[in-house]
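Take a slow look at the chain before reading on. Trace it from one end to the other, then come back to the text.

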Amino acid sequence: MSITVQPMKAEHISAVAALETACFSLPWSEDGLREELANPFARFLVATDGDTVVGYLGMHVIAGEGAVTNIAVSPNRRREGIARALLHASATADVCRITLEVRESNTAARALYEREGFVCDGVRPRFYEQPTEDAVLYSLYLKEE
């Protein structure tokens with residue numbers, strides 16, 4: 001495996017949108033992803049294997065806090081460390097804390113976050129749709145603010 005993590009560019013949009021469709025019941029559109037390229041608070045990363053996008057992470061960074069909007073890995077490339085690589089790459093010098101929410105039933109993702117040092121902050125009832133499900137909230141403190 002030769003995974004490279006890099007900032008998302010316009011040429012990655014269609015592949016990231018395809019990942020969204022493969023991974024989520026309410027995927028972001030290509031237009032929505034394209035808008036994030038112009039958002040000064042957005043930090044979107046892609047994981048590539050050669051020219052193929054195999055994962056991505058979107059995050060909004062405001063005042064030292066990074067709120068993960070989505071993290072997705074191609075279903076046939078899971079359990080290869082791609083999500084971990086994306087999380088590590090998102091932990092930059094200007095980010096003191098990373099927050100995210102995850103479906104309560106997504107035990108694989110929750111186990112990854114907990115292994116990486118995220119702590120559970122609580123539950124947001126009925127946060128997700130299609131199907132309706134609670135979100136488990138997590139935070140990772142990278143350094144003192």
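Predicted model: local features only at pLDDT ≥ 70, side-chain atom pairs only at ≥ 80, totals over all residues.

Residues are numbered from 1 along each chain as its sequence is written, and side-chain values use heavy atoms, with hydrogens and water left out.

Start with the parts list. The chain has 4 helices and 7 strands. Helices (H or I, at least four residues) and strands (E, at least two) are DSSP runs, numbered from the N terminus. Read from the N terminus, the order is β-α-α-β-β-β-α-β-α-β-β.

Now the overall form. The C-alpha trace spans about 35 × 35 × 30 Å along its principal axes. A compact globule of 145 residues would have a radius of gyration near 15 Å, and the chain agrees, with 15 Å. That radius is taken over C-alpha atoms, and the globule rule is 2.2 Å times the number of residues to the power 0.38. Of the 145 residues, 40% count as buried. Buried means under 20% relative accessible area, exposed means over 50%, and partly exposed lies in between (1.4 Å probe, protein chains only).

Contact means heavy atoms within 4.5 Å. Among contacts between residues at least 6 apart in sequence, 59% join residues at least 24 apart.

Next, look at helix H3, residues 82-90. Which of its residues are buried? They are Ile82, Ala83, Leu86, Leu87 and Ser90. These residues cover an arc of only 140 degrees around the axis, which puts them on the same side of H3. The arc is that of the directions from the helix axis to the C-beta atoms. An α-helix has 3.6 residues a turn, so residues three or four places apart point the same way. The cover over the buried residues of H3 includes strands E1 (3-7), E2 (42-49) and E3 (52-62), along with helix H4 (107-115).

Helix H1, residues 13-23, buries Ile13, Val16, Ala17, Leu19 and Glu20. Down the axis of H1, they fall within an arc of 155 degrees, so they line one face of the helix. They pack against helix H2 (30-38), E2, E3 and E4.

Finish at Trp28, in the loop between H1 and H2. Is Trp28 buried or partly exposed? Trp28 is partly exposed, with a relative accessible area of 25%. Beyond its neighbours within four places in sequence, Trp28 is in contact with Glu20, Leu33, Glu36, Phe44, Thr69 and Asn70.
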